[in-house]
Amino acid sequence: IIETLVTVLNNIKQEHNDGTVEKPVLLHIKTTKGKGYQAAEDARDKLHAVQPKFNLPKKKDAVPAKPAPPPLTRVFADALVKEAERDEKIVAITAAMPGGTGINIFEKRFGPERTFDVGIAEQHAVTFAAGLAAGGLKPFCSIYSTFMQRGYDQLVHDVALQQLPVRFVLDRAGLVGADGATHGGTFDLSFMGCIPDMLICAPSDEQELANLVHTMAKIDDLPTAMRYPRGNAYGDLVMPDRPRFLEPGKGRVAREGRDSSLALLSVGGRLRECLQAAETLENMGISATVADARWVKPLDTKLLQWLASEHRAVITVEENAIGGFSAQVHQELLESGALDGRGKTPTVLRSMILPDRWIDHHHDAKAQYDDAGLNAKHIVAKALQALERAGVKVNAEAMEQERIALP
């Protein structure tokens, strides 16, 4: 096959050089996906990111592995199905990724009458969703974060400008491990955060994800967007029988510190890393407050004011490039005067975002976040740096015991 292809290409090139063909030539090559590996040939939409540990022989006396928690994509799909069972106006849209976004689960339950796969045409998916919303339906448009970039013009003009209640669900937000560099959803909080009338949220775990799906289904006057990471649920949380409505612009305190020295404000999937960092800091004599913003737009301004007024240092943490959640927080605190320092020592404000460079591909997303400097140990180091700037004394012996050094 390859030899034939090379021969044809050489013939076309020679004919152009000889002048016998003076027009472009369209060469149509019919291929078979996964050729040579039957499982891939038989799977229409799977095995795009096969890890090098498949088909390994199993030991006869091997202990059965404990079932892994479900993927967050499955959590989303199950939550959407439950919402759609309660509300017949809910429909689902995908752009050639029914399996990757969980919309295939929705389609299995409700069929093609309420499920629309528009093919590799994200722009059309967005405008189509706008039309359905204008007609009184409740579309959930589920697209990978990185592919949402293709429909940006339609998001601005066809949805947001018209204030149409399209619900965008952005899978694969943040760094994505084995999915590869092209699938990293690292810009959505930046490119959506500047659009008026957008409501944007990011769940920190599977419970919050289910609650926010329910919340989006209930918001019927503005466009909403929820982004969540690639990977599995934590598996240690009890899923709600009936999800809760999470009021837009209201965050939560996940851990309240005792000494008013430091606050960590997370949005999205870094919350547990912040809580782990807080435990390390506790061993060093620093009792940190940890908050989950939940919403990027609108911000919880009361929570922000409390964090800035009652803590010597505040650090925001997100899985997004510059211009995202931290930019929203900085603008709010600057304009409100919370950082002016009138009558008190000014609050030290710092942010942890993805670095301004491309993160290399790796099969393990945790290794990518190590590279990006967004895991618990990096949060601890950033916290110590901010506290030093704020004049808070840190026990040097405790730092040595935890093997933490200032950046």
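How do α12 and α13 lie to each other, roughly parallel or roughly perpendicular? Keep that for the second stop.

This is a predicted model, in which local features need pLDDT of at least 70, side-chain atom pairs count only at pLDDT 80 or more, and totals for chains, interfaces and linings use all residues. Residues are numbered from 1 along each chain as its sequence is written, and side-chain values use heavy atoms, with hydrogens and water left out.

**Stop 1: the sheet**

Show the strands. Helices (H or I, at least four residues) and strands (E, at least two) are DSSP runs, numbered from the N terminus. Seven strands form an open sheet with mixed pairing, in the order β2-β1-β3-β4-β6-β5-β10. Two strands pair if DSSP finds at least two bridges between them. On average, neighbouring strands here are turned by 20° against each other, direction ignored.

Now select 90–94 and 138–144. These are β1 and β3, paired in the parallel sense over five bridges. Val-91 stands opposite Pro-139 in β3.

Contact means heavy atoms within 4.5 Å. Axes are lines fitted to C-alpha atoms, for helices over the stretch in contact, and angles run from 0 to 180 degrees between N-to-C directions. Next, select 206–218. Helix α10 also packs on the sheet, touching β1, β3, β4, β5 (199–201), β6 and β10, at about 165° to the direction of β6.

**Stop 2: the helix pair**

Select 301–310 and 325–336. Helices α12 and α13 pack at about 70°, with axes 11 Å apart. They are therefore roughly perpendicular to each other (65 to 115 degrees counts as such). Show side chains: Thr-301, Leu-304, Gln-305 and Ala-308 in α12 meet Val-329, Glu-332, Leu-333 and Ser-336 in α13.

**Stop 3: the two domains**

Colour 72–227 as domain 1 and 252–404 as domain 2. The bounds come from an automatic or database domain assignment. Their centres, taken over C-alpha atoms, are separated by 29 Å. Domain 1 gives 29 residues to the contact, and domain 2 gives 31 residues.

The area buried between them is about 2,200 Å², with 55% from carbon and sulfur atoms. Buried area is the accessible area (1.4 Å probe) that two parts lose on being put together, summed over both. Finish on Leu-175, Leu-189 and Ser-204. In domain 1 these lose the most area to domain 2, together 27% of what that side buries.

Methods:
Angles under 35 degrees count as roughly parallel, over 145 as roughly antiparallel, 65 to 115 as roughly perpendicular and the rest as oblique.
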